[in-house]
Amino acid sequence: MARVALVTGGTRGIGRAISVALKDAGCKVAANYGGNDAAANAFSKETGIPVHKFDVGDFNACKAGIAKVEADVGPIDVLVNNAGITRDKPLHRMERTEWDAVIATNLTSVFNMTRHVVDGMRARGFGRIINISSINGQKGQFGQCNYSAAKAGLIGFTKAVALETASKGITVNAVAPGYIATEMVMAVPKDVLDSKILPLIPVGRLGEADEIARCVAFLASDEAGFITGSTLTANGGQYMT
Ligand code: CAA
């Protein structure tokens, strides 16, 4: 029986690559997205993967969205919490709204989504939860106290829920990408990217979204059942943990 996978933020960037990789691995995939209808519809047309629009920062919207996904494709076996945004600014200029938006979308979302799938996974005795963290949650980053806090928090969540679910056939892991060639990274001012980020990547290039998707597909596989509570780092050697 094909596993059912749901990928948040699964229509663009790293999430898109994850959705496609899980489909290629034989899963029945659904992709959540937050706002960009045009990109989501184009993605769905190209890949055949159904898309579901709801706000992962909203607990009740997640409950309704997950119920709809499960009605459409079946009980969720694999949840990839990938949705994320940036609102980069140094702390001394950051607004409370910019803090709240990043914490809601990048961290509270992981509670909102996982809370609504965990009962079913426990009852069925199988689950794979994969949380997309970041190098910047591991090492901190100038201009990202909100993002770094959210991405670090997600690693703590991963370890705690891994402990709670280990006896139920569920694994919970994080993947911590470095700088990947996506719209999010391309939005960093070019001079900052060229002078402050690229020179720090030992392999000498940005990563590709597919390189992260392959990490996720591995952790999502039945064969990865002995790996739980871990953080798989893929950053071209920029930060070694
Ligand atoms: N380390 C040290 N100093 C830095 C720095 C850094 N990484 N980035 C900027 N600075 C310094 C600048 O050199 C400058 O110093 P001087 O005043 O002495 O010249 C000062 O900080 C102000 O820099 P800016 O002119 O860039 O200031 P700004 O207010 O216009 O922008 C910023 C600040 C928004 C933080 C901008 O520097 C920026 O966007 N930085 C990139 C942040 C980043 O890496 N974001 C990651 C996005 S991708 C992502 O998040 C995905 C992932 O998981 C990896």
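Predicted model: local features only at pLDDT ≥ 70, side-chain atom pairs only at ≥ 80, totals over all residues.
We may begin with the ligand. It is surrounded by 19 residues, and the closest of them are Asp88, Arg93, Ser134, Gln141 and Tyr147. Three of these side chains can be followed down to single atom pairs. Aspartate 88 places a polar side-chain atom 2.8 Å from a nitrogen atom of the ligand. Serine 134 has an N or O atom in its side chain 2.6 Å from an oxygen atom of the ligand, and for tyrosine 147 the corresponding distance from a side-chain N or O atom to a ligand oxygen atom is 2.7 Å. On its own the ligand has 1000 Å² of accessible area, and the protein covers 62% of it.

Attention now turns to the aromatic side chains. A pair of aromatic rings is described by the distance of the centres and the angle of the planes. The structure holds 1 aromatic pair. It is formed by phenylalanine 59 and phenylalanine 111, and it counts as stacked because the ring planes meet at 15°, with the ring centres 5.9 Å apart; the cut-off for stacking is an angle under 30 degrees. Phenylalanine 59 belongs to helix 3 (residues 59-73) and phenylalanine 111 to helix 4 (residues 96-124), so the contact ties together parts of the chain that are 52 residues apart in sequence. Both partners are partly exposed: the relative accessible area is 34% for phenylalanine 59 and 41% for phenylalanine 111. Another aromatic ring, that of phenylalanine 126, has a charged neighbour, as the charged end of arginine 3 sits over this ring at 3.5 Å from its centre.

The largest nonpolar core has 26 residues, among which Ile18, Leu22, Val80 and Val175 touch the most other members. Two or more residues each come from strand 1 (4-7), helix 1 (13-24), strand 2 (28-33), strand 4 (78-81), strand 5 (127-132) and helix 9 (209-220). Helix 9 makes the greatest contribution to this core, with 8 residues. Valine 216 is located in helix 9, and this valine counts as buried because its relative accessibility is 0%. Its C-alpha atom is separated by 17 Å from that of alanine 2, a residue 214 positions away along the chain.

With a relative accessibility of 0%, asparagine 131 is buried.

Threonine 47 lies in helix 2 (residues 37-47) and is buried, its relative accessible area being 15%. From threonine 47 to lysine 63 the chain runs 16 residues, and their C-alpha atoms are separated by 25 Å.

Two loop residues complete the account. Alanine 181 is in the loop that joins strand 6 (170-177) to helix 7 (183-186), where it is partly exposed at a relative accessible area of 34%. Alanine 181 and alanine 209 are 28 residues apart in sequence, with 6.9 Å between their C-alpha atoms. Glycine 207, in turn, is found in the loop between helix 8 (190-197) and helix 9. This glycine is buried, with a relative accessible area of 12%. Its C-alpha atom lies 17 Å from that of glycine 137, and the two glycines are 70 residues apart in sequence.

Conventions:
Residues numbered from 1 in each chain as written. Heavy atoms only, no water. Phe/Tyr/Trp six-rings, centres within 6.5 Å; stacked < 30°, edge-to-face > 60°. Helix = DSSP H or I, 4+ residues; strand = E, 2+ residues; numbered from the N terminus. Buried < 20%, exposed > 50% of the residue type's maximum accessible area, 1.4 Å probe, protein only. Lys NZ or Arg CZ within 6 Å of the ring centre and 35° of its normal. Near = heavy atom within 4 Å. Polar contact = N/O pair within 3.5 Å; in protein donor to acceptor, adjacent residues only side chain to side chain. Areas by Shrake-Rupley, 256 points an atom, 1.4 Å probe, with all protein chains shown as cover. Core = buried A, V, L, I, M, F, W, Y, C linked by side-chain atoms within 4.5 Å.
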